[in-house]
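Hi there,

Here is the structure I promised to pass along. Have a look at it first, and my notes follow below.

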Amino acid sequence: MTTAEHHRAPAGFNLVTPPGWDTIPLHQGTDEAMDHVIRKAVAQLPVGFSKDDIPQARLKLAKEIKKVVRRARSKGGLTLYLPTERLNGITLPVSIVASEPIEIPSVRPDSGPETVMMALASETPGAEMRELDHTAALRSEREVPASTSQGIEVAHRRVEYFVPVPDSTPDKYLTFSFSALIAPDSDPAFTDALVELFDAVMSTFRWSYA
């Protein structure tokens, strides 16, 4: 796998999420995007839901979304992607966070991003090389157990893609992190299907030069 040659570094990227997902930018327009998600969720409350309970439901939704946004921002999040429409009566317990580009020094003066990723792969369990829009990328997957001491309330499956930005100087890297909550009685096959969904989303990744 090789990194495609371009005359200049890309200005950004495009990612296609499934129908029923919303995007929350984490730098500008965050409040407006959260309000849109909350309004959509309230509109999907079951028929017969008490009107008197709607304000409380709205507050609870706002609290949960703000918590997810704070967590994403604390990890250098650039954009948050969330499923906001129910599928077969349930809201998928997943999220995707695209993080801001980070700089990592080269392993050697004459080495490139692939050397850095190979070094990371050798130290990261479950890591493997993939390709996104002609760019070599590192994919890793692991189970994260619940831990009250570390602030992890629910166990989850985490999948990450580590992607070098072509022709960036110094070398910069994007991270796409997927998290799927694992309920105690959940079917592992369901979580596997959610991971496959994330991999399908990442297959739509394209660099933007506009």
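Predicted model: local features only at pLDDT ≥ 70, side-chain atom pairs only at ≥ 80, totals over all residues.

**Charged pairs and a patch**

Lysine 67 is partly exposed at 24% relative accessibility (buried is under 20% relative accessible area, exposed over 50%, partly exposed in between, with a 1.4 Å probe and protein chains only). Its partner in a salt bridge is glutamate 64, at 3.7 Å from N to O; the term means a side-chain nitrogen of Lys or Arg within 4 Å of a carboxyl oxygen of Asp or Glu. Glutamate 64 is partly exposed too, at 37%.

Residues are numbered from 1 along each chain as its sequence is written, and side-chain values use heavy atoms, without hydrogens and water.

The whole structure has 10 salt bridges. One of them joins lysine 40 and glutamate 85, with the closest N and O atoms 3.8 Å apart. Lysine 40 is in helix H1 and glutamate 85 in the loop between strands S3 and S4, so this pair ties together parts 45 residues apart in sequence.

Arginine 139 and aspartate 199 also meet in a salt bridge, at 3.0 Å from N to O, and both are buried. They belong to a salt-bridge network that includes Glu128, Arg130 and Asp192.

Best wishes

Conventions
Helix = DSSP H or I, 4+ residues; strand = E, 2+ residues; numbered from the N terminus.
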